[in-house]
Amino acid sequence: MASDVKKQSTGALALAALGVVYGDIGTSPLYTIHEIFGPSTGVPLDPPNIVGAVSAIFWLLMFVVTLKYVTLILRADNRGEGGIMALVALAAASAGRTPQRKVILLLVGVFGAALFYGDSVITPAISVLGAMEGLEVAVPSLGVYVLPLSTAILVALFLFQRHGTAAVGKLFGPIIIVWFVVLAVTGAMHIVRTPEILVALNPLHALGFLYGRGIGMFAAVGAVVLAITGAEALYADLGHFGRRPIQIAWLGLVLPSLTLNYLGQGALLIADPSAIQNPFYRLFPDALLLPALALATIATVIASQAVISGTYSLTRQAIQLGFLPRMRVVYTSAQEMGQIYMPAVNWTLLLAVVLATVGFGSSSALASAYGIAVTMTMFITTLLTFFVVLYGWQYPLWIAIGATGTLLVVDALLVVSCSVKFVEGGWFPIALGLAVFCVMATWKRGRDLLLEHMRRDDLQLEPFVERLLASRAPRIPRTGVFFVATPGIVPQALLHNLKHNMVIHERVIVLTVVFHDVPWIPYEERVSVEPIAKGVWRVTVSYGFKNVPDIPRALELCKQQHGLDINLYATSYFLSRETLIPTTGGGMARWREQLFAAMSRNAGSVVEFFRIPANSVIELGTRVQI
């Protein structure tokens, strides 16, 4: 939360950001240069092309990361929060005066979020494989063990997730500092030996390199883009660290270290073209190969951990914005609410990562699949930022186009370049993203249809309460909390309770939980109370998509702020569980209705999601056709 960020020093936050924010982009030197000169690009390995390739990497880092993300995108925060879901909510709210435009922006943004899942599968696989392939350089006879060892490391990483990362997380920053220092030192050593590589800092060499490829430019750019994978994390983790610490970490350590290492690899290749076998590990003396392998493996595990944690966070935000069904969330830290573990996401991600690792078999094969999902997400981020600049910040159209137009052109070039690798493996993250998007869109549409059906057929609350109290039904000395999705409608659970038990609670709370498209709702603004009749209140509890829902705690606010004293030890919570019946001619295709019904049946418990005491809950079922 933005207010929490201020409680820590900028230096401490910049240190913490190194491990979480820059782990992914910091491990790109393991494979980027090797892939640029791989067989699929057709780039000849000679000094002019080496200089041009390194120049292209440097200026892509400067343009996409430094200019776009560090300078512009980090300013597009949603109440201090970043990431694709926060930007979706901000862009949709900014341009919400046109309903059709808002829907389109939501769909585009959700597709961008869905693509992140494809990226989150490939990042751990390619990072760990890239690190372990150093074994082929250090001990060639052990090369056959690269794949099984990589798979074992990834499985262990996912198995460890349920224990949380609070303890080891404190080590992430210092270890990544060591990693970046090693990147800088090893690169500088080779620059000193072959200083002519420094001409790569001239952007004309990058332009000449790309122009000289002709139509093959797209294949070359598709490999160069590997150097910026992970840049989206700068924006996604904005809420955890704040803009200033992320900027300081990038400009103060990460960018200089990456620049020196890429220049060093280029210098090495000019002096010894045979080093293309593995230019990263060939930077090290033979005696330091095994320590370098160990450090690289740790760094890639940290990078993978950051992606996994980001997937949990994105999933929880999507749930609270209504794009995914409820899932079990385990909070692994008593101090940090952002430290969560989601079993369903963890095991699904583990299965996909292992399949990708074994199926592709090497970092080079995975490199063909990497990039397309990342660059499409970058393009969508820039597109959404245009609407924020134009409608949210209310700048003139020419400024909005000037700020994002060139960025969109570059992003489009990156997307097209990575699309060249679609058949070779780029289809994999796109297929994953489309599958997730289908699930998210189906859940959102299904919930809208369900609520529309319930609003059409259900009774209005106020007239019903008047008739109910006039009937003089017996009242029992407890508080009954009845959940309802739409304010003003009689909860199904209340109707079923009256039908079967024929009593009214002394205190009746008709409770609606609303998730808003902002990251945080302050604690003091979370509850509103409206008396309806004697002993009957309508209570609305509001959360942002990063707040942790806790209904008992919210109900305590009713007394503190509104004078409604609720004895939580004498309170029963009544929930309505809908059994969905797919029908022909509904609002969705038959297969989508069946998918929605299956997701609804397997959705996580409302009790656990809202932190309601399990021994105080009564669930009453109802059948609904969709």
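**Two loop residues and a helix pair**

Hi everyone, let's start with Met502, which sits in the loop between helix H23 (492-501) and strand E4 (504-515). Helices here are DSSP runs of H or I with at least four residues, strands are E runs of at least two, and both are numbered from the N terminus. This is a predicted model, where local features need pLDDT of at least 70, side-chain atom pairs count only at pLDDT 80 or more, and totals for chains, interfaces and linings use all residues. Residues are numbered from 1 along each chain as its sequence is written, and side-chain values use heavy atoms, leaving out hydrogens and water.

Met502 has a positive phi of about 55° although it is not a glycine. Met502 is also exposed, at 56% relative accessible area; exposed means over 50%, buried under 20%, and partly exposed in between, with a 1.4 Å probe and protein chains only.

Gln394, in the loop between H19 and helix H20 (397-419), is another non-glycine residue with positive phi, near 60°. Its relative accessible area is 62%, so Gln394 is exposed.

Now to H6. Of its 11 residues, 10 are buried. Their cover includes helix H7 (99-132), helix H13 (232-236), helix H16 (289-320) and H19, with contact meaning heavy atoms within 4.5 Å.

Which residues of H6 meet H19? They are Ile84, Leu87, Val88, Leu90, Ala91 and Ser94. Thanks, everyone!
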